[in-house]
Every structure is written in structure tokens, then in C-alpha cells.
Amino acid sequence: MKGSEDDVKLNETFLQELKYKIDIEDVISSYVSLKRRGSTSLGLCPFHNEKTPSFTVYNDTQSFYCFGCGAGGDAVTFIKKIENLDYIDAVKLLAQRAGMQMPQDGFDDSLSKKRRKILEINRETAKFYHSCLISPKGKEGFDYFLNRGLSMNTIKRFGLGFAPNEWDALIKHLKQKGFRLSDMADAGVVKVGKNNNYYDNFRNRVMTPIIDVRGNVIAFGGRVLDDSKPKYINTSDTLVYKKTNELFALNLAKDNCSDTMILCEGYMDVIAMHQAGFTNAVAGCGTALTGEQVRLISRYTNEVILAYDADEAGQKAVNKAIGLFKQTDVKVKIPALSGGKDPDEIIKKFGRDKFKGMLEGASNEIEFAILELRQKNNLNTTQGKIDFLNAVLKVLANVSPIEQDLYLTRLSDELNVDKSSIKTQLEDYTKRNKKRQIRNNYRTIVENSVRDNQKISFENNIAIRQYKAEERILGLLLRYPECLNLASDFDVNKFSSDYVRKIYAQIISMLENNIDIKLSDFSSVLTNDEIGRLSGIIARTQESKNACKEFTDCLKIVEEEYDKNNLNSPNNMSDDEFRKLFNKD
């Protein structure tokens, strides 16, 4: 079989030993807060935003499955997804965790080698840019950083550099180090022109390397020194880098953000804040904040301060970020930044202590929302007060009763409106909103059910009963190996998809060879989506009072649907029957 990776064959004895030495709950609990529920553990899914736990770890099968987004698999699959690694590197990480040495041969790790080659090129590129910065040819870039108030220690700490104003300066350097042009292009530091000519991606720019939490240089951000466009250029997504998944300076901040993390908009804001002693600051990588970055933040801290720019675009970004963080347990605070357009400028103008005071006085998202509403309404008029209160009630409807009481008291005193009147209106709004949410949730469930059924039956051209029967067949085989005796005469071509045929054949082969089947046996040969689907099948497979009879019944359903579809196929029609299809009038 072949999955999303290159053909990967690891020593079976090694894999079996690794399988018994690692515990999936131990692995996942390093990333997700889990609560035991009998033989399973529950937590908030790290792969999509949610407030109600739907991420389940099954200790008996050493698997996980999220009923919210469909992510699933074994420990290797989890590490692949959470750390953005390929199969071999995920196994290496788990082997290191278990104190085991990887076998020296017997497997194809070409994809892993390619990743390592890109990381080597990135590291050498970062060293080249830094050496250029502190050389005479980088004086313009070096002066830029000094004029921005950066010390030499900060420049070294962040590995800042300068890309010379030449078309092939980096290419020449990397060639001398033995790297191929095609690998440079894969790393994103070199581009290919119209006539298949290669040239440096970054030229005449100050350079900021982006480093992951393991210390690998994975990408670069380059800024011009004048007013030319584009002002910023960032590495495009590569085999080792996906900008929506990464945070700049998290490698430095991760050890200093247990209580609070500061989220900024730009690299220079973060660098200036670290120099000023705020070493828990991070930023996105040239893109608007994403759900993946929010989930990454939630792995390292319980509270985030949104120190975004004070302009209109910055405030819009704040509102978007608040919406994303509402899907997690991370508390949000928003400081009232003043005296400058961004943290970097404010620190330069007023110093560290003044900026620290702004951070310490940060409001939570409720106070921030109320402040915005207050600015939009004229509270000197009766209508302004009514509009303001009606808008505030929508904000307070989603907070705890204690918070509601405190805010209602404050609003009553501020607006000189009877507190009981505001509370009555809030209760009425909450009741109406709850009914509306119930209706919307029901509608969503129905729509999703209809859509999923249509997707199965129309896109895959199979009946729902066949789809469910096939899933049950796989689940029963995995849970009740004795069903193997009933499977020998079944024609696998009657299954609806290559996926089912592939899994079915693999399970049959392993059972016939008396191999104890684990989900991890599929990690190297299935894509993340495929193993997620298999994990879901296992999670949904309930006990059977008569597994063999149910297995036989499901096989019959598949055969019936296959025969029904093929009997109606034009390939099985006589000439007269086929002509009648076009003469029904």
C-alpha cells in the first residue's frame, strides 16, 4: 500500500517495541489537557476551535478521535499533525521520547531527508545574511537596525541579517557549500525565472529569520530599506513551513509565557519588546491571525494580551482575534495603547515602565466591547442610552451571572438607570437568544446530516446503507477477529471505494498471519485524513451480541447494493433496453 508519504518500511521489530513503549495518553497530554472518563480521556481538540470537549483518547486501542472535526489516528498520526512532521520524523521524535535508537537502515526516508536538506539550507542562509549584515556591504542594513534602537545583543539574539542587492549572492554562497539549485528553490530562498534562470528571492532587504520551537530556521521575512514595494516579502509555504501554523519568536517566548503571552502584529514590535524585557511577546508570520495559531498559543498559556497597532486596521484585527480566542479557554486582555502607532514606537517614546503600565491596565474582552459601544453612541441623549444598553445586553448575555451582576451595577450607576430594569431586559434577551440558538443548532444538525448523506450517496454514488455496512464490516473485523472465517469468499471489488478495499485487504492479511492489529500499523501507509476516518470507524464501532451474524448481514447489504447498481448499468443492458432509455416518451 502507499499513503501520503514516500514508501516507508521500518523494521517491524523496532515498530512493535516502540508501540509497547509509548502510551498515547502520555504523548497527547503533553499538548492537550485531558480528563479521564473510564477507559477514555477527553479534552479540547488541538486541531480545531471548540469550547466543549469532543477530542477523545482511547487507551484500549491507543488511538484518538475528534467527533468535532474528524481528526484521528494513533500517537504517530498525532505527532505528525501537531508538530507538522512527516512519518519518519514523527517516529524519530517518539523513539527519542521512549529512549530508543532508530534503525540505521531498512527504510526509505527520502521525504525526511528532503526536509533536513531544506533546514540545512535555511540555517546556512541565515548565517550568510547575518555575516553580510556585520560586513561593509551590509552597512545600510546595520544602520537601519541601529536607528530602530536595537542593540548588538538583540541583533545577535534574533539572528538578524541583510540580503545584498545582488541577483545571485546567496546562490553563489550556497553552491560553494554544496547545495543544489533545486533544493534552494524548495527552501524558498531562491526562485526560478521565465528562462529557467535561478535568482535570489530576497535582495537589498533587512532579514529576520523565523525559528520554530525546536530551534530550526524554517523561513525568512525581508523588509525594504526605502519606500519601494512590496514593503515586506516572506517565505512562501514549504515542506518545513506553513505560515498559518507558526508564530514568530515562540522559540524564545515559550519558556516565559506560562502566565501570559503578548501577541503583536509585526516582527519589529516583538523584537523591541523582547529587548525591553517583555520576553513573552510573539507575532504572526506575515498573515492575519489564524485558528491554528490560536490553538498553538493555547498550548503555552492561559492568557493573551493583544498588543495590536492602535490604528483602525489594528482594532479590526483585535476584534477578529477576540472571536477566535472565544473558541478556546484562553483569556483575552486588550490594552489601551496611546502615544504611538505600535508597541515599538510607544516603548521608544515613553520607555519600558510606561508601556508596562499600559499592559497591566489592559481590559478584558467584555470591557473592550463595552468601551467600543460607548464610543459609538451618544450617551448624552435618551436614544443614545437606549441603543447603548440594547447593544451591551448582547455582550453580557454570554458571561457568568457574577460578571453580569457587576457590569449591571456599573451600568446602572453610570447611566442612572434602575438596575432591576436592565436585569429584566437582559433576562428576556437571554431567553429569546437561547431559543434562537436551539433552533439554529437543530437546523445546523439537520443541514449537516443532509449534506453528509448527499455527499456520500451522490458524490460517491453509493447508498447510505452500503456506506454504513462497509464501515461496520471494517469495525467488526478489527474488534472480532473470528469474523475472518466468513470473509474468505467475498469479492472485494464489490466494495464502493479503493479506501475500503485497501483497509479490508490489509486487515485480512494481518489476521491471516496472526498479527495483533493496532491502529499504528496503518500510520505509514495512510494519509492523515484516511487514518482519521479509520480512527472514527473504530471509535463508532459498538459491541455486537452476535458479531458473526452481523458481519454476514453487512456483507449481504454490500452485495445487494453492488448487484442493484450493476444490474441498472448500461453495460449490462441489451440493445433494446438501452434504446428504451432514450424513448421513454
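Okay, I'll start with charge. Helix α19, residues 419-459, gives the most to a positive patch, with five residues. Helices here are DSSP runs of H or I, at least four residues, and strands are runs of E, at least two, numbered from the N terminus.

Quick caveat: this is a predicted model, so to speak of local features we need pLDDT of at least 70, side-chain atom pairs count only at 80 or more, and totals for chains, interfaces and linings use all residues. Residues are numbered from 1 along each chain as its sequence is written, and side-chain values use heavy atoms, with hydrogens and water left out.

Which residues gather in that surface patch? K394, K431, R432, K435, R436 and R439, and K431 has its place in α19. Patch members have over 30% relative accessible area and no salt bridge, with like charges joined within 9 Å. Area is Shrake-Rupley, 1.4 Å probe; a salt bridge is a Lys or Arg side-chain nitrogen within 4 Å of an Asp or Glu carboxyl oxygen.

Now rings. There are 18 aromatic pairs, meaning ring centres within 6.5 Å. One cluster links Y31, F47, F55, F64 and F78. F47 also has the charged end of K81 over its ring, 4.9 Å from the centre; that takes NZ of Lys or CZ of Arg within 6 Å of the centre and within 35 degrees of the normal.

Last, backbone: K229 to P230 is a cis peptide bond, omega near -5°. And N84, not a glycine, has positive phi, near 55°.

How values were computed: Phe/Tyr/Trp six-rings, centres within 6.5 Å; stacked < 30°, edge-to-face > 60°. Patch = residues over 30% accessible without salt bridge, like charges linked within 9 Å, V, L, I, M, F, W, Y side chains within 5 Å. Lys, Arg positive; Asp, Glu negative; His and termini not counted. Charge placed at Lys NZ, Arg CZ, Asp CG, Glu CD.
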